[in-house]
Amino acid sequence: MTHTVLVTGVSRHVGARVAGVLAADPDIGRVIGVDTVPPPSLTRDGGSLSGRTEFVRVDLRSPDIAQVIAAADVDIVVHMSLVSGPARSRSAMKEHNVIGTMQLLGACQRSTTVRRVVVRSTTAVYGSAPNDPAVFREDSEPAEVPHSGYAKDAGDVEGYVRGFARRRPDVVTSTLRFANFMGPGVDSPLTRYFAQPLPPTVFGFDPRLQFVHEDDGVEVLRRMALEDHPGTFNVAGDGVLLLSQCLRRAGRTPLPVPSPVFRFLGEMARAARRLDFTPEQLALMCHGRVVDSGRLIRELGWKPKFGTAAAFEDFLRSRRLSGGLSAAVADRLSDLASGRSTPGPG
């Protein structure tokens, strides 16, 4: 049996890659990529996105998505269209993320052909607070539930996904909470931050960060699309990096500033469209966030090829930012600065 897959959010890098890898699979008969704007790889004649992927311009907030699913007899849906920015306004972002997901799930609920739904979410749903658990598991409760922005949208989206799963228990529904993507093709507020010549940091804070390499993220999404793995799963590379380690490896000189100044600089950068740091991303730069991906590894019998450090190193190489200290030296300096070890004699 061949499958027909619908992938949302294909104008963005990871969404386009997911559509491409599914289109190359012999068990997939047809891949339909939808978004509000054409992806950069779309040919001039409107023919193909990548290989056998067809592009259809659809706004998920409209009922048109139901017509696409019905007309093509879609049986697998991969929802990649949760965005953190940029957007015309906060209300526009929320409409896209939340209302768009509601329309998509409503169409899936009414469909007689959809048998599997995979939703890209984010570890931002856990928030970032000083009294959070050291490591979040899927059933962990955050100290402070996000009440605004992208993280709030993701929480709302997950709530609608759980409701859909209850109403359609015959449909295999998977939710993937990804750590920050990192890799050669990733363009995000965090990758743009590390490319700044003098990145500001919050004085007194050195947050723990986790990344997932884009290759591993695409592979997880491919497996979830083709196999039955219901439930919610964290997705992150092994290990953590302190922000100070990241900056040293990138050859960047941090600019420590008080928290109000950091927030002010973030707002200025957003206004100038140089960076798109939202309040929840600013919280991450203070308190960090670490998750456990053990449930995913056990479920798939597979683990990411890239750990957090390796994903970051690959990003640095691709941007030619690896002119800083070696990983070993950067880690040693971070240990010394934090008092985790003392220098040897001589």
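**View 1. Pairing of strands E2 and E3 in a predicted model.** Aspartate 35 has arginine 57 of E3 as its bridge partner. Glycine 33 is bridged to phenylalanine 55 in E3. E2 (residues 28–35) and E3 pair in the parallel sense over five bridges. Strands pair if DSSP finds at least two bridges between them. Strands (E, at least two residues) and helices (H or I, at least four) are DSSP runs, numbered from the N terminus. The model is predicted: local features need pLDDT of at least 70, side-chain atom pairs count only at pLDDT 80 or more, and totals for chains, interfaces and linings use all residues. Residues are numbered from 1 along each chain as its sequence is written, and side-chain values use heavy atoms, with hydrogens and water left out.

**View 2. Strand E2 and its link to E1.** Six of the eight residues of E2 are buried, so E2 is largely enclosed by the rest of the structure. Buried means under 20% relative accessible area (1.4 Å probe, protein chains only). E1 (residues 3–8) pairs with E2 in the parallel sense over six bridges. Threonine 4 has arginine 30 of E2 as its bridge partner.

**View 3. The open sheet.** Seven strands run in the order E3-E2-E1-E4-E5-E6-E11, with parallel pairing. E3 (53–57) and E11 (231–235) are the edge strands, each pairing on one side only.

**View 4. Helix H6.** The 13 residues of H6 (residues 214–226) should span 18 Å at 1.5 Å a residue, and the end C-alpha atoms are 18 Å apart, which agrees. The expected span is 1.5 Å times one less than the number of residues. Buried residues of H6 include Glu214, Val218, Leu221 and Met224.

How values were computed:
Buried < 20%, exposed > 50% of the residue type's maximum accessible area, 1.4 Å probe, protein only.
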